[in-house]
Amino acid sequence: MFWRWEFSGTPPRSQGSPRRSSFLPPSKEKLWYIINMDLLGKIVSLSKRRGFVFPNSEIYGGIQGFYDFGPLGVEMKNNIKRLWWEWMLSHNNVVGIDGSIITHPMVWEASGHVKGFTDPLVDCKKCKKRFRADQLTEKLESRESGAAGEDLLKKLTKALKDKKCPECGGELTKPRLFNLMVGVDLGVVEGQKRQTFLRGEACQTIYLNYENVRNTMRKKIPFGIIQIGKVFRNEITPKQFLFRVKEFEQWDLQWFVNPKQMKKWYQYWKKERMSWYKSLVNQPKKVRFRKHAEDELAHYAKVAYDIEYQTSFGWKEWEGIHWRGDWDLSRHGQFAKKDFTYTDPETGEKFIPWIVETSGGVGRTFLFLLLDAYHEEETKDKKRMVLKLDPRIAPYKAAVFPLLANKPELVYKAREIYQDLRKSYSVAWDDRGNIGKRYFSQDEIGTPWCLTVDFQTSKDDTITIRDRDSTKQERIKIKDLKKIISEKLKVKK
Ligand code: GAP
């Protein structure tokens, strides 16, 4: 099945109507469709219509589990990543790397992914469709990918005894384990190619570089390494738009500690990460912790808490805080025949460092922030759609308009302001339609401030600034504009 079902709610273009620019707000007919779709459907539709996210390989019918970020999407994604990166680096003893996606195949033997990174799979004997077995039982459906073992298989075999195919009612096979790693062949000569994998989790490159970073940066334990990078997983059922895909980006912190201090640091990062996520959303009540049950734990984790977000399709994992202990450095030590024992320079104590991991998805953050930001409001005569994104995350920080497009003096001045402002911020320009439509168009993509040059501008060097959320307008001096925007960007809305 291709991505099309997710876009099936996209409103049709009305017959015979002139081709509209996607820059303008939707027609009444379009708006009706949009308001009556479920929230995720609305986000999917908005994302495509306004250039946030496009289905990959669309001209060939799409490919399930892959998406491309469009012009506004890439701005927003970069803003999110920048915020995370800077916030992480604001902590003591944290440094970053950017590792390669393909590594030596032994990495995945050592990490346990070749053997243990599996999900339970069932096939329908009649229609041949495949399902994630745990997602066919209500009790287990919130389980995340990649941690299925023999115990879970036994439970599922029992739970799914009388279960039929949800698509055609046919008989299902017994659940079996399916490895999620995406294989790749390296080499040029057929028959002599070497099989390795695309990264199944980004953090492995951090462990591979643990000693390089510690030595070159002269770091003492405790210290942390961060990275944002691509990950590939053969998910059995990619779904809910960007929520579960086959290619995505993860952000990781791997914090290396003395085992005696593991508990303290685990609590510390759990609290820090929760406060960061809460600071990004309009509704912090929709963010919570969930502790993993024993049979849910990934093969590398002794304890795991998820930070979850209450989406329109249920509470879902946003980030995992994992107590990885000495699993990673011990395993790589064993497989690479390397001793990772660390000697504390002050006490002389020797130990293999333990690891606290905080690992979240960039695409998931992107989706959850869109779900959190999406609002529909009734104004005097119209419905307004507005993305109440944190201004730091919004693709454009401001939009500049001349009040009328056919008055050269207004257009000239507005253009001058636009050119100057875009040296510092990402800024939109719009001179189409009337001012109300331009405001609505910017509200829909989350632009926090709209700046209009009008007839008073030439008299007193002022423009109006209109706030996205309150829709209130003020007059400000052009010379104060950059200062005002930079002040506003410091304050969380
Ligand atoms: N290194 C640990 C690790 O990979 P994980 O819980 O499997 O842990 C971390 O993944 C985060 O990556 C998740 O919390 C989620 O935000 C994101 N993620 C995982 N699988 C994903 C998928 N198929 N599509 C989108 N994001 C995903």
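**Briefing: a sheet, its packed helix and a helix pair**

Strand E21 (residues 449-453) and strand E22 (residues 462-467) run antiparallel and are joined by four bridges. The structure described here is a predicted model. Both strands belong to an open sheet of five strands, and helix H13 packs on that sheet.

**The sheet**

- The strand order is E20-E19-E21-E22-E23, and the pairing is mixed.
- Strand E20 (427-429) and strand E23 (473-477) are the edge strands, each pairing on one side only.
- From one strand to the next, the twist averages 30°.
- Helix H13 touches strand E19 (398-402), E20, E21 and E22.
- The direction of H13 makes about 160° with that of E19.

**The helix pair H13 and H16**

- Two packed helices are described by the angle between their axes and by the distance between the axes.
- Helix H13 (residues 408-421) packs against helix H16 (residues 481-490) at an angle of about 50°, and their axes are 11 Å apart.
- H13 is therefore oblique to H16.
- The crossing of H13 past H16 is right-handed.
- On the H13 side the contact is made by Ile417, Asp420 and Leu421, and on the H16 side by Leu481, Lys482 and Ile485.
- The residues of this contact comprise four nonpolar, no polar and two charged.

**Asn78**

- Asn78 lies in helix H4 (residues 71-89).
- Asn78 has a relative accessible area of 33%, so this residue counts as partly exposed.
- Asn78 and Val356 are 278 residues apart along the chain, and their C-alpha atoms are separated by 26 Å.

Definitions and conventions:
Residues are numbered from 1 along each chain as its sequence is written. This is a predicted model: local features need pLDDT of at least 70, side-chain atom pairs count only at pLDDT 80 or more; totals for chains, interfaces and linings use all residues. Side-chain values use heavy atoms; hydrogens and water are left out. Helices (H or I, at least four residues) and strands (E, at least two) are DSSP runs, numbered from the N terminus. Buried means under 20% relative accessible area, exposed over 50%, partly exposed in between (1.4 Å probe, protein chains only). Axes are lines fitted to C-alpha atoms, for helices over the stretch in contact, and angles run from 0 to 180 degrees between N-to-C directions. Angles under 35 degrees count as roughly parallel, over 145 as roughly antiparallel, 65 to 115 as roughly perpendicular and the rest as oblique. A crossing is left-handed if the near helix is turned anticlockwise from the far one by less than a right angle, and right-handed if clockwise. Contact means heavy atoms within 4.5 Å. Ala, Val, Leu, Ile, Met, Phe, Trp, Tyr, Cys and Pro count as nonpolar, Asp, Glu, Lys and Arg as charged, and the others, Gly among them, as polar. Two strands pair if DSSP finds at least two bridges between them.
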